[in-house]
Amino acid sequence: MAEKKSMSMSHKRRMANIATYVILSVISIIWILPFVFLVFQSFRVETTGIVNYVFPQKWGFDNYVYLFSANTNFLQWYFNTFIIALFVCVLQTIMQFMMAYTLSRFRFKLRKPLMNVMLVLGMFPGFLTMIVLYQVLKTIGLTGDNAVPGLILVSVASSGMGYYVSKGFLDTLPKSLDEAALVDGATRMQIFYKVILPLCKPILIYTILTSFMGPWGDYIFASVIALGSETGLNVAAGLYTWLSPAMISDNFTHFCAGGVIVAIPVMVLFMFLQKYYVEGVTGGAVKG
C-alpha cells in the first residue's frame, strides 16, 4: 500500500515537472521570437522597409555597414550611451553601496524615518518629475547637445534611494566581523574595504549590472532631455527616430541591425556574470 502511494506521488510529481517545463518552454519561445525576428531582419538586404515575411530573400551585412558609415549618427549615439552607462554604473554603485552599508551597520536617531521617507519617495515613478527636471537642466545648459552630462546627473542624483537589495545582503553578514576588526584596531574605512567588500562580490556585481542596464536602455528621459538635438541622443532614442513615418521605409532594417548591436554588450555581461547576479538577487532578498 505504501509502495503504491509512493509510486502515485512520484508519478504526480513527474507529471507536474513535465507540465512546468512545457509551460516554461512555451514562454521562452514567445519571449525570444521578437529577438529572432530582429536578427533575421537585420540581415535582410533586398529592401530596407517593413515586409510581411520573416526570412530574408537575400542575406548580407549591408545594414551593419550602414550603421558605421558617415551617413548616420549611430556611432555618436552609441558612444553617448556608453559614456552615460559607464559613469552612472560607477557612481550609482558607490552611492548605493555606501548608503546600504550606513543603514545596515550604523544606528542613529533618524535612521528609520530616513528609510521610510526614501521608501515612500521610491514608490513614485521617476518620469513624474520629467518636466521639472527638464526645466532645471535646461536652465543650467544640460539639455540638447549637452544632454549626456544631464542624463548622468539625473540618473546618479537619487541613486542612494536604491539601497534596498544591497542592504538586505549586508544584513546577512554577521556584525561580529565588524566588532572583531574593531578590536584588532581597524578603522571603519578599513573594515568597509578589507572585511565587508570582499564578502559582497555577488551584490556588487548585481548592483553594477542593474546600474549599467538602466541608462543603457533608457528612452523616456533621453528623448526628452536631448529634445531637438541629433548628436545629444542616446542609442535608444536615436534608433527610435528611424521608426517615424517619414523614415521607417528607408531605415527599418537599419533599426533592426542597431537593436542587435545594442543588445550584445548586455547579453555578454549576463552570460559571464549570471552566477553572481542570481546570488546577489537571492542574497539581497534575505532580511537579517
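Q: In this predicted model, which helices do the buried residues of helix 9 pack against?
A: The buried residues of helix 9 pack against helix 3, helix 7 (164–171) and helix 8 (176–183). Contact here requires heavy atoms within 4.5 Å.

Q: Which residues of helix 9 are buried, and what makes them line one face of the helix?
A: In helix 9 (residues 188–196), the buried residues are Ile191, Phe192 and Ile196. Viewed down the axis of helix 9, these buried residues fall within an arc of 100°, and therefore they line one face of the helix. An α-helix has 3.6 residues a turn, so residues three or four places apart point the same way.

Q: Which exposed residues does helix 9 carry on the face turned away from its buried side?
A: That face carries the exposed residues Met189 and Lys194. The term exposed calls for a relative accessible area over 50%.

Q: Why is helix 8 called oblique to helix 9?
A: The axes of helix 8 and helix 9 come within 10 Å and cross at roughly 125°. Angles of 65 to 115 degrees count as roughly perpendicular and those over 145 as roughly antiparallel, with the rest beyond the parallel range counted as oblique; helix 8 is therefore oblique to helix 9. The crossing of the two helices is right-handed. Helix 8 contributes Leu177, Asp178, Ala181 and Leu182 to the contact, and helix 9 contributes Arg188, Ile191, Val195 and Ile196. By class, the residues of this contact are six nonpolar, no polar and two charged.

Q: What makes helix 3 roughly parallel to helix 6?
A: The axes of helix 3 (residues 74–105) and helix 6 (residues 147–157) come within 9 Å and cross at roughly 25°. Angles under 35 degrees count as roughly parallel, so helix 3 is roughly parallel to helix 6. Helix 3 passes helix 6 in a right-handed crossing.

Q: Which residues make the contact of helix 3 with helix 6, and how do they divide by class?
A: From helix 3 come Asn80, Ile83, Ile84, Phe87, Val88, Leu91, Gln92 and Met95, and from helix 6 come Val148, Leu151, Ile152, Ser155 and Val156. The contact has 10 nonpolar, three polar and no charged residues.

Q: Why is Ser166 called buried?
A: Ser166, which lies in helix 7, has a relative accessible area of 1%. Buried means under 20%, and Ser166 is therefore buried.

Q: Which residues is Ser166 in contact with, leaving aside its neighbours within four places in sequence?
A: With those neighbours left aside, Ser166 is in contact with Phe97, Ala100, Ile203 and Thr207.

Technical notes. Residues numbered from 1 in each chain as written. Predicted model: local features only at pLDDT ≥ 70, side-chain atom pairs only at ≥ 80, totals over all residues. Heavy atoms only, no water. Axes fitted to C-alpha atoms, helices over the stretch in contact; angles between N-to-C directions. Helix = DSSP H or I, 4+ residues; strand = E, 2+ residues; numbered from the N terminus. Left-handed = near helix turned anticlockwise from the far one by under 90°. Nonpolar A, V, L, I, M, F, W, Y, C, P; charged D, E, K, R; others polar. Buried < 20%, exposed > 50% of the residue type's maximum accessible area, 1.4 Å probe, protein only. Arc of directions from axis to C-beta.
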